[in-house]
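Please look over the sequence and the model shown below before reading on. The report that follows takes up a few parts of the structure in turn.

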Amino acid sequence: MIKIRELVKAYGKLTAVNRLTLDIGENEIFGLLGANGAGKTTTIHMLATLLKPTSGSATVNGYDIVTQPAKVRSSIGIVFQAPSSDDILTGYENLHLHSMLYSVPRQIRRKRIEEVLELVGLADRKNDQVKTYSGGMRRRLEIARGLLHKPKVMFLDEPTLGLDPASREVMWKYVRTLVEEEKITVILTTHYMEEADMLCDRIAIIDKGKIVALDTPAGLKAGLGGDVIRLKTKDPQAAKLAERFDFVNRVEHSNGFLVLSVRDARKALPILLQQVEAESAEFSSPTLNDVFIQITGRNIDKEQAEGGFMERFAKYD
Ligand code: ATP
């Protein structure tokens, strides 16, 4: 559905996107994960024909982003970071206006609007003014709007930015539904680790305009060497016994604990405990945040996320 080859965007001396090469399949939820300023939005804007690449090429739905921009635009829907629905119009009126702008044929307009409202769970609020909607509902309305012309690809730029955790989860549910029901490809940018982990089939971690890792969430986590088991044991033979299992990659002593690196702790632990006598046992799995820190050396903490949010919205005041 999307082929990107050596795509570059430079702003003067700053290379915001640096030789990006990537294929994204049909019906995939693909995440571009990175800190503020990593180059996610610039990438999406180039693919959506809003920005011209400095060099390199890309196709969306088989159309070239530079030479066939109109064809690309009719293949895509896009939801920007900054909300752009009209506050004093109702949800339905916003969609109606947009369907006219996008030349959705008059005969199917009403049916399509009802369909997309249903899809994003706003059918019962369609006649309320948008100014009475919550942040999550506004974002869902924007998604509905992007779906009106039945695009093949949907770009969501930070779809849950600024939403509370509960609304964020609701949003994930709707994104999954739209992939299943509309059979489209979703490309989203995010700097929320949990969002990338829970929602995306594959993730590209972007740092300073480059892809530094690309895999499924499980694959990225497995790349860190798997799970960690901590055993409290007085058994002097414990380390030796543990080393004999081929699923144990590493054995270390730390603060009175035996610390084992294993591929899958859930499977390994019961087997280990048959051989090793332990007073207590616990395990943990690496998170996507661990992967991110390991690969980029940065930690996207909440403060940075919120800071980025305020900064961004300040631009639109
Ligand atoms: P965020 O989540 O904060 O939007 P991002 O990963 O989407 O981050 P981009 O917005 O793509 O990052 O920005 C990438 C880099 O390009 C940043 O260093 C940014 O300052 C720079 N940049 C973006 N737009 C412009 C512009 N119009 N002129 C100059 N520099 C720009």
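What covers the buried residues of helix 11? The cover includes strand 3 (29-33), helix 7 (193-199), strand 9 (202-207), strand 10 (210-215) and helix 8 (217-222). This is a predicted model, in which local features need pLDDT of at least 70 and side-chain atom pairs count only at pLDDT 80 or more, while totals for chains, interfaces and linings use all residues. Residues are numbered from 1 along each chain as its sequence is written, and side-chain values use heavy atoms, with hydrogens and water left out.

**Helix 11**

The buried residues in helix 11 (residues 288-296) are Leu-288, Val-291, Phe-292 and Thr-296. Seen down the axis of helix 11, these buried residues fall within an arc of 100 degrees, so they line one face of the helix. The arc is that of the directions from the helix axis to the C-beta atoms. Here buried means under 20% relative accessible area, exposed means over 50%, and partly exposed lies in between (1.4 Å probe, protein chains only). Contact, the term behind the cover of helix 11, means heavy atoms within 4.5 Å. After helix 11 comes Gly-297, whose phi is positive, near 75 degrees.

**The chain as a whole**

The chain has 12 helices and 14 strands, where helices (H or I, at least four residues) and strands (E, at least two) are DSSP runs numbered from the N terminus. Its C-alpha atoms fill a box of roughly 80 × 45 × 35 Å, taken along the principal axes. The chain is divided into domain 1 (2-219) and domain 2 (225-285), with bounds that come from an automatic or database domain assignment, and the C-alpha centres of domain 1 and domain 2 lie 44 Å apart. Of the 317 residues in the chain, 46% are buried. Among contacts between residues at least 6 apart in sequence, 68% join residues at least 24 apart. The accessible surface of the chain comes to about 16,000 Å², and 50% of that surface belongs to carbon and sulfur atoms; such areas come from the Shrake-Rupley method with a 1.4 Å probe, and for residues only the protein chains shown count as cover.

**Salt bridges**

Side chains of opposite charge can pair when their charged atoms come close. A salt bridge is a side-chain nitrogen of Lys or Arg within 4 Å of a carboxyl oxygen of Asp or Glu, and the structure holds 15 salt bridges. The table lists some of them.

| Salt bridge | Closest N to O distance |
|---|---|
| Lys-111 and Glu-115 | 3.2 Å |
| Arg-145 and Glu-142 | 3.8 Å |

Lys-111 and Glu-115 both lie in helix 4 (residues 106-119), four residues apart, which is about one turn of the helix. Lys-111 counts as exposed because its relative accessibility is 58%, whereas Glu-115 is partly exposed, with a relative accessible area of 32%. Lys-111, Arg-112, Glu-115 and Glu-182 are linked in a network of salt bridges.

Arg-145 and Glu-142 both lie in helix 5 (residues 135-147), three residues apart, again about one turn of the helix. Arg-145 and Glu-142 are each buried. In the remaining pair of the table, Asp-264 is partly exposed at 32% relative accessibility, while Lys-267 is exposed, with a relative accessible area of 60%.

**Leu-147 and its contacts**

Helix 5 also holds Leu-147, which counts as buried because its relative accessibility is 0%. Leaving aside residues up to four places away in sequence, Leu-147 touches Arg-112, Val-116, Leu-119, Met-154, Leu-178, Glu-182 and Ile-184. Leu-147 and Ile-184 are 37 residues apart along the chain, and their C-alpha atoms are separated by 9.7 Å.

**Positive phi values**

Which phi does Lys-183 have? Lys-183 has a positive phi of about 50 degrees although it is not a glycine. Lys-183 is found in the loop between helix 6 (165-182) and strand 8 (185-190), and at 58% relative accessibility Lys-183 counts as exposed. Glu-6, likewise a residue other than glycine, has a positive phi near 50 degrees. Glu-6 lies in strand 1 (residues 2-11) and is partly exposed, with a relative accessible area of 38%.
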